[in-house]
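Biologist: Could you take me through the terms used for this fold, setting each one against its definition?

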Amino acid sequence: PGAGRACRILIADDADLNRELAEALLAGDNHVIDFALDGEEAVRRVQQGGYDIVFMDVQMPRMCGRDATRAIRALGGFTDLPIVAMTAQALPE
């Protein structure tokens, strides 16, 4: 996506607060933002196509973000789709 261009973004996260925070951070640039509540839904939405980037929670019910990312890559045609891992877990170090 070029600078200044609105993007179609998928946020895959099962936590309401995390989705709301991500949306608030991205909403000011007129992006089109869709949501998936688990990895299976994220894979289905990506299959429908049209996303410029996916923000994927690592830990979700039914299918975790790692497995969903593997499934998306296995579909073919999505090797250049940026998938950014997110997690709310904080490590002490």
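Modeller: What covers the buried residues of helix H1 includes strands S1, S2 and S3, where helices (H or I, at least four residues) and strands (E, at least two) are DSSP runs numbered from the N terminus, and contact means heavy atoms within 4.5 Å. This is a predicted model, in which local features need pLDDT of at least 70 and side-chain atom pairs count only at pLDDT 80 or more, while totals for chains, interfaces and linings use all residues. Residues are numbered from 1 along each chain as its sequence is written, and side-chain values use heavy atoms, with hydrogens and water left out.

Biologist: Which residues of H1 are called buried, and what makes them line one face of the helix?

Modeller: In H1 (residues 16–26) the buried residues are Arg19, Ala22 and Leu26, buried meaning under 20% relative accessible area and exposed over 50%, with partly exposed in between (1.4 Å probe, protein chains only). Seen down the axis of H1, these residues fall within an arc of 70°, so they line one face; the arc is that of the directions from the helix axis to the C-beta atoms. Leu17, Leu21, Ala24 and Leu25, on the other side of H1, are exposed.

Biologist: Why are S2 and S4 said to stand at the edges of the sheet?

Modeller: The open sheet has four strands in the order S2-S1-S3-S4, paired in parallel, and two strands pair if DSSP finds at least two bridges between them. S2 (32–36) and S4 (83–86) each have a single partner strand, so one side of each is left without a neighbour in the sheet.

Biologist: How do you know that S3 and S4 pair?

Modeller: S3 (residues 53–57) and S4 are joined in the parallel sense over four bridges, which meets the requirement of at least two. In S4, Met86 is the bridge partner of Asp57, and Val84 is that of Phe55. The chain crosses from S3 through H3 to S4 in a right-handed β-α-β crossover, a name given if, with the strands pointing away from the viewer, the path from the first strand over the helix to the second runs clockwise.

Biologist: What makes the largest set of 15 residues a nonpolar core?

Modeller: A nonpolar core is a set of buried Ala, Val, Leu, Ile, Met, Phe, Trp, Tyr and Cys residues joined through side-chain atoms within 4.5 Å, and the largest one here has 15 residues, with Leu10, Val46, Val54, Met56, Ile72 and Leu81 having the most contacts inside it. The largest share, three residues, comes from H2.
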